Amino acid sequence: MLKTKTISLVCMLVMAGCAPRYVAPPIQPAAAEPEIPGQISEFEAAAIPQRVLQQINILRGNISLQPLTLNQQLSAAAMAHSRDMSAQNRAWHWGSDGSSPVDRARRQGYSGNLVGENISESFENDIQTLSAWMGVRETRDVIMDPAATQLGFAWYQEPSGKVWWTLLTGN
């Protein structure tokens, strides 16, 4: 009987050595915070207006609309409004002084007709913002209006990475 117990004990020890050992799962890193883009570089800042103009003109060309040209006065009005929206911490079409898009364009010396204004506050880049505008009828209509011949485009980026975008069209 002792021999049987000894054999059983040896078998149990051998089997225990063959049993899988508990291994703790690897520690998972904490969920990552949403990625906030870095500051727009000078190189990128110089490229953005031309890139947006090119993309808009491709979209307009697809439906046989005349291309837009960049207008510095409209871009200056767009820049002023982007900064003002940041200061107000809200995206809307009225300036902190009660100014309208037409008022801001006139202040910059624009003598043409203002067709429309698109605005956005986001952490997205210029092409993502343009894509979002094209996905909404009202903002798409500003970009694709057949009466538009000129484009003003600007942004203001806060230290946090948040960007305030303004697009103006006119003729």
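## Burial and the model

A residue is called buried when its relative accessible area is under 20%, exposed when it is over 50%, and partly exposed in between. The model is predicted.

## Glu117 and Arg104

By that definition, both Glu117 and Arg104 are buried. Their side chains meet in a salt bridge, 2.9 Å from N to O. Glu117 belongs to strand β2 (residues 114–122) and Arg104 to helix α4, so this pair ties together parts that are 13 residues apart in sequence.

## Arg107 and Asp97

Helix α4 (residues 101–107) also contains Arg107. The side chain of Arg107 meets that of Asp97 in a salt bridge of 2.8 Å, N to O. Asp97 sits in the loop between α3 (72–88) and α4, ten residues apart from Arg107. Arg107 has a relative accessible area of 53% and is therefore exposed.

Arg51 and Asp126 form a salt bridge through their side chains, with 2.9 Å from N to O. Because Arg51 lies in helix α2 (residues 42–62) and Asp126 in helix α5 (residues 126–134), the pair ties together parts that are 75 residues apart in sequence. Arg51 counts as partly exposed, at 25% relative accessibility, whereas Asp126, at 3%, counts as buried.

This pair belongs to a network of salt bridges that links Glu44, Arg51 and Asp126.

## Whole structure

How many salt bridges does a search of the whole structure find? The search finds six, including the pair Arg51 and Asp126.

Terms used. Residues are numbered from 1 along each chain as its sequence is written. This is a predicted model: local features need pLDDT of at least 70, side-chain atom pairs count only at pLDDT 80 or more; totals for chains, interfaces and linings use all residues. Side-chain values use heavy atoms; hydrogens and water are left out. A salt bridge is a side-chain nitrogen of Lys or Arg within 4 Å of a carboxyl oxygen of Asp or Glu. Helices (H or I, at least four residues) and strands (E, at least two) are DSSP runs, numbered from the N terminus. Buried means under 20% relative accessible area, exposed over 50%, partly exposed in between (1.4 Å probe, protein chains only).
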